[in-house]
Structures are given as structure tokens and as C-alpha cells.
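Hi everyone, thanks for coming. Let me put the structure up on the screen, and then we'll walk through it together.

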Amino acid sequence: MSVQVFQIAGRKIGLEFPPLVIAEIGINHEGNFDKAIQMVDDASKVGCECAKFQCHIIEDEMIPNNVIPGNAKESIWDIMKRCALDEKQEIALKDYVESKGMIYLSTPFSRAAANRLKKMDVVAYKIGSGECNNYPLIDHIARFGRPVILSTGMNSMANISKSVAILQKHKVPYALMHCTSIYPTPPEKVRLGALRQLQEAFPGIPVGLSDHSLTNYPCLGAVSLGASILERHFTSDKKWPGPDVSISMDPLELKEMIEASRIIHKALGGDKGILKEEQPTIDFAYACVVAINDIAKGEALSMDNIWVKRPGTGEIKAVSFDEILNRKVNRDIKKNDQIKWEWLAS
């Protein structure tokens with residue numbers, strides 16, 4: 001079954017189209033607006049279509065806490081307090097991204113953040129894995145009627161089905177991202193097989209990979225399995241500080257992912273057969289039946305007087321060798337002549 005066409009700002013997403021590569025800038029700017037702009041510039045320069053950020057209004061998102069994420073050394077409260085951009089900065093950032101001809105996406109982590117993005121008139125919403133089972137928030141966002149990309153890390157198929165039911169109830173176009181929420185994700189924990197599971201459970205829905213491993217390889221492998229969206233964290237400089245920088249791709253890696261994913265997409269599909277464009281290769285690569293000794297009229301063809309040799313320009317190809325063995329010829333044939341059908345006695 002063909003995956004349905006899913007659109008964000010006119011960009012069609014599905015099996016028939018090159019994967020959409022999302023540069024997840026997230027909070028790698030660490031609250032520095034100028035760094036955010038630089039990352040947008042660097043992503044744009046290598047041909048990236050979409051830059052994604054995170055919208056944190058911390059007072060509505062969480063209560064004060066001392067919980068330290070596995071990939072950080074300070075509390076999640078302190079990280080988000082430091083990294084959150086204010087509304088004016090986010091509006092300016094959205095305008096700048098769109099001025100570059102790119103798609104602006106942001107992940108809201110609270111109802112207030114979702115409302116801010118709605119006020120900003122974003123074209124779609126990215127819901128993170130941590131909110132995949134936050135059904136009240138998903139319902140709130142779905143009521144806006146804009147397309148949703150839903151990441152599914154840390155969630156069971158049962159949880160995902162409930163979220164999907166909410167999106168379907170509101171008739172919201174959606175796509176599903178497989179994700180493993182381990183930072184970094186070891187290759188053996190990426191589990192690309194989950195893409196097929198999502199495709200089978202939600203037929204016709206575009207799927208993708210939001211990856212936290214250290215190379216582009218899982219994302220590129222995902223393309224061959226039908227991934228229509230690819231997402232990795234992105235930074236302009238891997239020497240910058242930040243909890244997600246260590247798992248981020250840089251501009252060169254982003255460029256490579258975009259180019260490679262498009263090549264792999266072009267290589268998909270088709271069936272096994274002979275292409276007309278292969279004919280020039282056939283002409284030299286195929287073997288044809290030729291005389292390896294002079295053959296007199298009336299003599300039977302045998303392993304002693306014929307064999308198969310290149311080029312493949314003769315009438316009788318190697319595949320027909322057994323078919324003509326022991327047949328007599330109706331004329332004299334010289335060594336190295338390519339045997340013709342008309343030379344065989346009836």
C-alpha cells in the first residue's frame with residue numbers, strides 16, 4: 001500500500017517523494033539567539049528544508065525540580081530555564097527561517113507553548129516522544145487542525161494507538177516517527193524494524209526516524225525501509241556546550257544525509273528485468289556462441305567446435321548453447337565466426 005501524501009507548507013511527504021530531513025536545532029543554541037540564527041544559516045547553506053526548535057514556557061511545563069537527565073549534569077529545570085527563548089525571539093526566529101525558504105517547526109512542551117505556536121501561526125506541530133502519551137496536550141494541539149508529526153520513543157504500540165485515535169478524531173493529518181530515547185542510541189538499540197511495525201499498524205500513514213545515534217547510517221537505512229522523514233539533532237559546531245550537542249550532526253553531516261537520502265530514495269522501487277539502457281553493456285558483456293574450429297557443412301555442432309565467447313553481438317547467446325548442440329550446419333563455418341540461426345539445418 002502506498003503511503004498517503006502528507007503535506008507541510010506545500011512540501012509533499014510520502015513514499016513517492018524524497019525524505020524530508022529535519023535539522024533538530026532544539027535547544028542547542030542554549031538560549032543564545034545569535035547562535036540559533038547561525039545554525040539556521042548553516043542548515044540552509046547545505047540545502048536543508050526544515051529547521052526545528054523547542055518551545056519551552058517553563059512555568060507551564062514543569063514544577064521546580066532537581067531531576068538530572070542522563071545526558072546532562074544539571075537539572076532539567078535549570079537547563080530549560082537557561083535555554084528557553086522568549087516569545088519575541090521565537091517569532092523573529094520563525095520569520096528568519098521562513099525568509100530562507102525553509103519550514104519552521106517547533107515542539108511545544110506545554111499547553112502555553114502550544115498556544116504560543118498557534119498564535120505564531122506555525123504550519124505544523126512536532127510532538128516529542130515525552131508527550132506521546134500526554135493525551136490532554138495532544139488533544140489540545142489536535143484541536144488547532146494543523147498537521148502533526150508525532151515521535152513515539154518510550155511508548156508502546158498501545159500508547160501510540162491512543163494518541164493516533166485522538167488525531168484521527170480531530171481529522172488531523174499526521175505522521176509517525178520511530179524513536180529510541182537513549183542519548184546516544186547504540187546501533188543495536190535503534191530498532192529499524194519498528195518502522196515496519198508502525199506501517200503495518202497504521203497503513204497509509206507516513207513514517208520516519210528521529211534518531212539519537214552518532215552517525216547518519218540508521219537514518220539512511222531507514223530510507224530503504226520506507227522512512228519519509230528523517231530527524232537528527234543539529235549544531236554548527238560540535239565544540240559548543242549543550243546537552244544535545246554530543247549527539248548532533250554538523251553541517252557537513254547534514255549535507256551528506258540530505259544528499260545520500262535522496263540518492264537512496266531514487267534507487268528504491270522498480271523490478272528485476274532488462275533495461276533498454278543496459279543494451280550497450282549487453283553488447284560487450286554477454287557471451288555468444290562462436291566457432292572454436294572450422295566447421296564443415298553437414299557437421300554437427302559439439303563441444304569440440306563451438307563455445308561461448310564475448311562480445312554479445314552475435315545472434316545466438318550463451319543461454320541457447322544447449323539448444324543448438326548436436327544440430328548440423330548447412331554451410332561451412334570458419335573459426336571465430338559467430339553462429340547464426342540461419343546456418344543451422346532444419
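This is a predicted model: local features need pLDDT of at least 70, side-chain atom pairs count only at pLDDT 80 or more; totals for chains, interfaces and linings use all residues.

I'll go through aromatic rings, then charges over rings, then cysteines, and finally the nonpolar cores.

Okay, rings. How many aromatic pairs does the structure hold? Three. Let's take Phe 53 and Tyr 104. Their ring centres are 5.8 Å apart and their planes sit at 25°. Planes under 30 degrees apart count as stacked, so this pair is stacked. Now look at where the two partners come from: Phe 53 is in strand β4, residues 50-55, while Tyr 104 is in strand β5, residues 103-108. That's 51 residues apart, so to speak a link between distant parts of the chain. And are they buried or exposed? Phe 53 is buried, at 1% relative accessible area, and Tyr 104 is buried too, with 1% relative accessibility.

Next up, Tyr 125 and Phe 144. Here the centres are 5.6 Å apart and the planes are at 40°, so we call this pair tilted. Tyr 125 belongs to strand β6, and Phe 144 to the loop between α6 and β7, so the pair ties together parts 19 residues apart in sequence. Both Tyr 125 and Phe 144 are buried.

Now charges over rings. Find Lys 35: its charged end sits over the ring of Trp 240, 4.4 Å from the ring's centre. Then find Arg 331, which lies over the face of Trp 343, 4.3 Å from that ring centre.

On to cysteines. Cys 48 is buried, at 5% relative accessibility, and Cys 55 is buried at 0%.

Last topic, the cores. The largest nonpolar core has 59 residues. Our friend Phe 53 is among those with the most contacts inside it, and so are Val 148, Leu 230 and Phe 234. Helix α1, residues 33-45, gives the largest share of this core, with five residues. If you zoom in on Leu 230, you'll see contacts with residues beyond its sequence neighbours, including Pro 19, Ile 22, Leu 209 and Met 257.

Terms used. Residues are numbered from 1 along each chain as its sequence is written. Side-chain values use heavy atoms; hydrogens and water are left out. Rings of Phe, Tyr and Trp (its six-membered ring) pair if their centres lie within 6.5 Å; planes under 30 degrees apart count as stacked, over 60 as edge-to-face and the rest as tilted. Helices (H or I, at least four residues) and strands (E, at least two) are DSSP runs, numbered from the N terminus. Buried means under 20% relative accessible area, exposed over 50%, partly exposed in between (1.4 Å probe, protein chains only). A charge sits over a ring if NZ of Lys or CZ of Arg is within 6 Å of the ring centre and within 35 degrees of the ring normal. A nonpolar core is a set of buried Ala, Val, Leu, Ile, Met, Phe, Trp, Tyr and Cys residues joined through side-chain atoms within 4.5 Å. Contact means heavy atoms within 4.5 Å. Lists of a residue's contacts leave out its neighbours within four places in sequence.
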